[in-house]
Amino acid sequence: MSVDLLSIDSLLSQEEIELRSKVRSFVETEIKPNIAEWYDNAVFPLEIVPKMAELGVLGMHIKGYGCPGRSSVEYGIAAMELEAGDSGLRTFVSVQGSLAMSALAKHGSEEQKNEWLPRMAAGEVIGCFGLTEPSSGSDPGSMTTFAKRDGDDWVINGAKRWIGLASVAQVAIIWAMTDDGVRGFVVPTDTPGFTATPITQKLSMRASIQCDISLEDVRLPESAMLPKAKGLRGPFECLNEARYGIIWGAMGAARDSYEAALNYSKERLQFGKPLSGYQLTQQKLVNMALEINKGTLLALQVGRLKDAGTLEPYQISVGKLNNCREAIEICREARAMLGGNGITLDYSPLRHANNLESVRTYEGTDEVHTLILGNHITGTPAFR
């Protein structure tokens, strides 16, 4: 790759490189030829779900229960390649695996894991993860969705917003306040009182589904509660899994935009020579390549720490904040290099940049991750 200035491939195992080639080939054949149409028509292609299951990227780094059981670095590499196709498609894998399946794997009972995880890994069941609410995004502790005991059952009332896949999911992980703090519940989406409505007219993540969820007297048995999740630590552990994938994924969007700009600059003639022959063009390409190399090394280091079991939550914030911030600038610069042609779906950079407006917002905004790091550096929390 022209973007690998530091022989980063030498830091990867042969197995990791082979996995990257496999996912990249999938993206080239299944996503890139179709993504402009999906994005333009605001369609999430449900037909791709079984293909992704066959690829082995659903619940990829979960062990057992029919899941692939790959390493964190391998999952990160897959996320990077998928987001080089489109953030919306990588987000599907993240919602399914890093959020819904992760919640079950980390916090579920054996019965819950055996009931749902094998079918989710096989793409037979789609899951979603309901934490964010209309009035509480960065502050989930203020959620108003409430689960109340009624005999041996639980009854949930409330609303969630920006919930990926909810209208096509068969199972939802819903987080609700109880008299005993925040708890998680496994909610089949055909449960009476559960309604998911897609959010339309989006300018970002158009080849993806985000929904409003209404919960009206949703009655569940005691066995629906996730037994090992109590308090906000439960959902936060899942969010960190999703944030980890974003660290890699954002660099995939950046790399694809860089490559689009590089290829265009070699072919586009202005004033009698290719754009790539001008000093300003080369400066822009160099700056992009430098940030992609740094961001990829950052992602790899975070992945190695995760696989070693020594990763700290604030280190995930380092990657999420830096790589989203740099990726969106790279995509915007690449769009500018394409001139007027860059605003069409014939080229990927503006689509990636629009998607990254969502990616930098969900799973913790730039501001939230800045304050997480500020707290770590100074020892003084400044969230309020």
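# Notebook: a predicted model

I began with Ser 7, which lies in the segment before helix H1 (14-31). Helices (H or I, at least four residues) and strands (E, at least two) are DSSP runs, numbered from the N terminus. The model is predicted, so I noted its limits: local features need pLDDT of at least 70, side-chain atom pairs count only at pLDDT 80 or more, and totals for chains, interfaces and linings use all residues. Residues are numbered from 1 along each chain as its sequence is written, and side-chain values use heavy atoms, with hydrogens and water left out.

**Entry 1: positive phi**

I looked up phi for Ser 7 and found about 55°, a positive value, although Ser 7 is not a glycine. Most residues other than glycine have a negative phi. Ser 7 is partly exposed, at 46% relative accessible area. Buried means under 20%, exposed over 50%, and partly exposed in between (1.4 Å probe, protein chains only).

I then turned to Met 205, in the loop between strand E8 (194-198) and strand E9 (210-221). Met 205 is not a glycine, yet its phi is positive and near 55°. Is Met 205 buried or exposed? With a relative accessibility of 2%, Met 205 counts as buried.

**Entry 2: Asp 86**

I found Asp 86 in the loop between helix H4 (72-85) and helix H5 (87-107). Its relative accessible area is 0%, so Asp 86 is buried. Which residues does Asp 86 touch, leaving out those up to four places away in sequence? I listed Ile 31, Ile 35, Tyr 39, Ala 207, Arg 351, His 352 and Asn 355. Contact here means heavy atoms within 4.5 Å.

**Entry 3: strand E6**

I moved to strand E6 (residues 171-178), where seven of the eight residues are buried. E6 pairs with strand E3 (residues 127-130) in the parallel sense, over four bridges. Two strands pair if DSSP finds at least two bridges between them. Cys 128 has Ala 172 in E6 as its bridge partner.

E6 and strand E7 (residues 181-188) run antiparallel, joined by eight bridges. Thr 178 has Gly 181 in E7 as its bridge partner. A hairpin links E6 to E7 through two residues.

**Entry 4: the second largest pocket**

I looked up the volume of the second largest pocket: about 260 Å³. On a 1 Å grid over the protein atoms alone, a pocket is an open set of points where a 1.4 Å probe fits, with protein on both sides within 12 Å along at least five of seven lines; lining residues have an atom within 4 Å of a point. Grid points are joined across faces, edges and corners, and a volume is the space filled by probe spheres set on the points.

Which element gives the most to this lining? H7 does, with five residues. Among the lining residues I noted Lys 106, Arg 233, Glu 237 and Ile 316.
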